[in-house]
Amino acid sequence: MGRLNRETLARLPADVRRPDYDFQNVGVGNVHLGLGAFHRAHQAMFTEDVLSGGGDWGILGVSLRHPAVPEALAAQDHLYTVETLASSEDYRVVAAVRASLCAPAHRAGLEDALASPQTHIVTLTVTEKGYCLGADGALDFTRPEISRDLEFPNEPNSTIGWIAHGLAVRATRHGRPITIISCDNLQANGTRLRDAVTAFTERSRPDLLSWLEDNVVFPRTVVDCIAPAVTDTARSRVAQALGLEDRACVQREAFSQWVIENRFAGPRPAWDRVGVQIVDDVDAYGRLKLHVLNACHCALAYLGLPRGYTFVREAIADAELARFLDELVSIEIAPALHPLPVLDYWRTVRARFAIPRIDYRLSQIAEDGSLKVAERIFPLMIANAATGAPVRSLARIVRGWLESAFGETPVRSALDDPTLFPLPIRENASLRSAILEAA
């Protein structure tokens, strides 16, 4: 069996959608940090639709650590397949990623790309962990990667270090403005990215601060699309559908949403013409996504894994867990998010969780639990404690996380750890009791 690339594109079956534009001559206007499956299944798909109408908005995809994805894409002329799973499978070959690199091996290439006057947009999907934030939400200068990058600011390894270095080079070479867009599941993600980059710059290049404030914007966003890690089974389906091997394929559900705050420093792709919502305020979208969908994902992970489930669709099929989520949303989440349309939103999310073809692993959701629980669960508990609303089910999720992450470590001692629990929970007797008593 051959492999997907520019030469084999013409051999694809008629029902496999392929690029309808001259992708080989598209210039790069967007650098993306974090070349994982989610970006290729989500933001790159919107950009693919933009490119059908023209423009030099090709993406340079950057892996900040590992070379596997750039190498797989390069061997396929940066073509890859998106498998969309609904009542049936749909296959589309995407060409929006026009180049890729691994940062540790191509430092000069990434530096030049971030500083290029043709680069107007930097997007990133590096997960919560990649921002190196502490329990207070600010940049954690004790993190080894941050302290190391402060010592060697011209040879960065961290996401924050790379952005700060790229901006410094850009300011020196020509000073043109740029928009940096966080696409990770953090409340007020753009604001927190801006604050982290500013804090790093204050210590590494204080002379850059004025230029940064005047020429760099960090809009807030909300992203939503379930894109599980690709399995061998999925790769086999793609190979069968294409008649070609694709070692860079991704899979996703049919639903996809991208909401971006209407703040840009310069040109941008015509994303709003292909379904992206460009709005003045993303707060309501973000609170629903983070505290309903993502919070319920955490619940299924920390309560479903001990029951022996592997995938989200299996856990939501458990009548007891499904009832737990329904009650969690109606009794504890809805009051904390009032007046947002929580119950209507939950009905759509519940149906998405149950899609039989989506193999979204609970273990994947459970990773980096301390960061996810802090973003998705703790704000709900704190809000309900202030109004006297219930927190019992929320506390059960927290207890499930503690038991999965720390095993036999006494819960009481974990509750006193400022790296795990913020002050409003550590010093609230009712919240501490709810977590201690949860079972």
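Ala, Val, Leu, Ile, Met, Phe, Trp, Tyr, Cys and Pro are counted here as nonpolar, Asp, Glu, Lys and Arg as charged, and the others, Gly among them, as polar. The model is predicted: local features need pLDDT of at least 70, side-chain atom pairs count only at pLDDT 80 or more, and totals for chains, interfaces and linings use all residues. Residues are numbered from 1 along each chain as its sequence is written, and side-chain values use heavy atoms, with hydrogens and water left out.

Helices (H or I, at least four residues) and strands (E, at least two) are DSSP runs numbered from the N terminus; two strands pair if DSSP finds at least two bridges between them. Three strands form an open sheet in the order S9-S11-S12, with mixed pairing. Its edge strands, each pairing on one side only, are S9 (221-224) and S12 (277-279). S9 pairs with S11 (residues 257-261) in the antiparallel sense over four bridges, and Asp-224 stands opposite Gln-257 in S11. Helix H10 (residues 283-304) lies across S9, S11 and S12, at about 45° to S9; axes are lines fitted to C-alpha atoms, for helices over the stretch in contact (heavy atoms within 4.5 Å), and angles run from 0 to 180 degrees between N-to-C directions.

The second largest pocket is lined by 27 residues, with Leu-133, Gly-134, Ala-135, Leu-371 and Ala-374 nearest its centre. A pocket is an open set of points on a 1 Å grid over the protein atoms alone, where a 1.4 Å probe fits, with protein on both sides within 12 Å along at least five of seven lines; lining residues have an atom within 4 Å of a point. The lining divides into 13 nonpolar, six polar and eight charged residues. H15 gives the most to this lining, with four residues.
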